[in-house]
2 protein chains.
Amino acid sequence: MQKKQAATVINISSIKAACKDCSLRELCLPLGLSEPDLSALDKLIKRRRALKKGETLYRHGDPLRALYAIRSGSLKTTGLIEDGRAQVTGFYLPGELLGMDAINTDQHPCNAEALEISEVCDIPYAALEDLAQKVPGLQHQLLRIMSREIVRDEDMLMMLGRMTAEERLASCLMSFSRRLARLGDSVVEFKLSMSRQDLGDYLGLALETVSRLLSRFQDEGLVSVHGRQIVLRNITRLRSMAAGNGREHSAQA
Amino acid sequence: MQKKQAATVINISSIKAACKDCSLRELCLPLGLSEPDLSALDKLIKRRRALKKGETLYRHGDPLRALYAIRSGSLKTTGLIEDGRAQVTGFYLPGELLGMDAINTDQHPCNAEALEISEVCDIPYAALEDLAQKVPGLQHQLLRIMSREIVRDEDMLMMLGRMTAEERLASCLMSFSRRLARLGDSVVEFKLSMSRQDLGDYLGLALETVSRLLSRFQDEGLVSVHGRQIVLRNITRLRSMAAGNGREHSAQA
DNA sequence: CGTAGCTTTGAGTGTTATCAACTCTCGTGG
DNA sequence: CCACGAGAGTTGATAACACTCAAAGCTACG
């Protein structure tokens, strides 16, 4: 992408943007930190790591070294059952934090894989905990982010346990819309970075069901679908479905 | 239950057992704390609260005042969808901590209800965060417990998203067995404190399905069921089913 | 000991999975 | 530039697992 000059052959993994200059500052760990605290945090974030599509950030069983803040791109975390069944436990977008489930046992209990070219900031965990001990704002923010992860998982439990397939998909689309909006992107049009298989593994559905539902949503005027490009056409009704009103059958008045 | 004497009319909610005398110390927040840190923690735990069966500890929307450590009994947390569908997001046993999902927004996102007569310790959250700021061991333990909650939710996601009904039930029974074992109770025989409806709402199944599965497990010699009294008869096979080997159909070799 | 709630069991249905074939897209190399 | 191939996505037919509705049996508590 960039013009290459002789002197620019540098290791991309050593590139480092300061948190204070990062556009995601207000979504990420630094939220609420004062200037000096921020640069203390900055000092321990070792590097920015670039990931190719399909590359893994960590695998099940890897020791916890760091938490990861997403700068760009997107990742999925996946849990596996012996016979090959997979459950995607989360999709992660820029500004979101990854790896907190490893704190409990100091081992990652799932795999994390980039869905597209992505960049993550490496936040060494031991150092983070030490700093959080000294900086009240950081401890607070870390606890809040972990709590948010619990809430997100619980929302997902509701989805998987008690929602129909169409409610799940609507819920998922609205979730992307909401989270992209925080990044300043369009709320109504976006490109999915994951396959139908990944969506199915996230929603607890077969990939064919996801595909069929997207087609049906399109027929009903709820969305436009061109491969992974999505346009939300009837957000009101999608929101209603996502809230659990998907059982009154789409009597599109 | 107790003989009542004139002088014993005391407010049960003011009874307070010190953490250091608590049999659950090694399972709970105090794990790893030194003597002085322990008594600091003790000081902020205001009271022990008694709950009757069906009584709620907090409701969706209530402001976060405290986290709750279970001393005895059991509770469930429930999320609701508009039309009455319920998802039980967790069952909580003695030594376990409740309410961490409220830290994110300072409001409880679900209801917590006692499944039987129970006692909980009230841990005021603001004070806990302050103390964790001063006591590294406490911060560490709090982060670990929150991480464990994330892991537990993720395990549940796998269960709801990718396991069959029988795998889910086996998984649930093994989970109770494991957690009761930590309390020193029998690993093989226990009494469920929740109804079939609650189990169904937890497992993402209809209550009739839970009932039928328990009957079938009994027919197959996996368990003995007398109402809510459960005896695990073939833990090996139950464990195997819980791990996801429930699809090779019980060819009881 | 009666009643209300919980549990079991049965019959029939439906949503979603599975299996299968076909199409589309996109990147690669001839 | 176009042909090719592989992976991704769509669509159809069929089947299974779990749900719903229904009724009877059980338990426990007042």
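Let me open with one contact: a backbone N or O atom of B:Ala165 lies 2.6 Å from a phosphate oxygen of DNA strand D. That is a polar contact, meaning a pair of N or O atoms within 3.5 Å; within protein, one must be able to donate a hydrogen and the other to accept it, and residues adjacent in sequence count only if both atoms are side-chain atoms.

Some ground rules. This is a predicted model, where local features need pLDDT of at least 70, side-chain atom pairs count only at pLDDT 80 or more, and totals for chains, interfaces and linings use all residues. Residues are numbered from 1 along each chain as its sequence is written, chains are lettered from A and ligands numbered from 1 in the order in which they are written, and side-chain values use heavy atoms, with hydrogens and water left out.

For B:Ala206, a backbone N or O atom is 3.0 Å from a phosphate oxygen of DNA strand D. Being near means having a heavy atom within 4 Å. Sugar and phosphate make up 57% of the atoms of DNA strand D within 4 Å of the protein.

Which helix gives the most to the surface near DNA strand D? It is α6(A), with 5 residues. Helices here are DSSP runs of H or I, at least four residues, and strands are runs of E, at least two, numbered from the N terminus. Helix α6 (207-219) of chain A and α6 (207-219) of chain B each supply at least two residues there.

Now strand C. Here α6(B) gives the most to the nearby surface, with 5 residues. Look at A:Thr209: an N or O atom in its side chain is 2.3 Å from a phosphate oxygen of DNA strand C. For B:Arg228, the side-chain distance to a phosphate oxygen of DNA strand C is 2.9 Å. A polar backbone atom of A:Ala165 is 2.9 Å from a phosphate oxygen of DNA strand C.

Next, the two chains. A rotation of 180° with 0.0 Å of shift along its axis superposes chain B on chain A, at RMSD 0.0 Å. The copies are thus related as by a two-fold rotation axis.

Take A:Ser147, in helix α3 (residues 136-162) of chain A. Buried or exposed? Its relative accessibility is 0%, so A:Ser147 counts as buried. The cut-offs: buried is under 20% relative accessible area, exposed over 50%, partly exposed in between, with a 1.4 Å probe and protein chains only. Leaving aside neighbours within four places in sequence, A:Ser147 is in contact (heavy atoms within 4.5 Å) with residues including B:Met100, B:Ile103 and B:Met146. A polar atom of the A:Ser147 side chain lies 3.4 Å from the backbone oxygen of B:Asp101.

Last, helix α2 (residues 125-134) of chain B. Its buried residues include B:Tyr125, B:Leu128 and B:Gln133. Their cover includes α2 (125-134) and α3 of chain A, and β3 (66-72) of chain B.

How values were computed. Least-squares fit on C-alpha atoms with pLDDT ≥ 70 in both.
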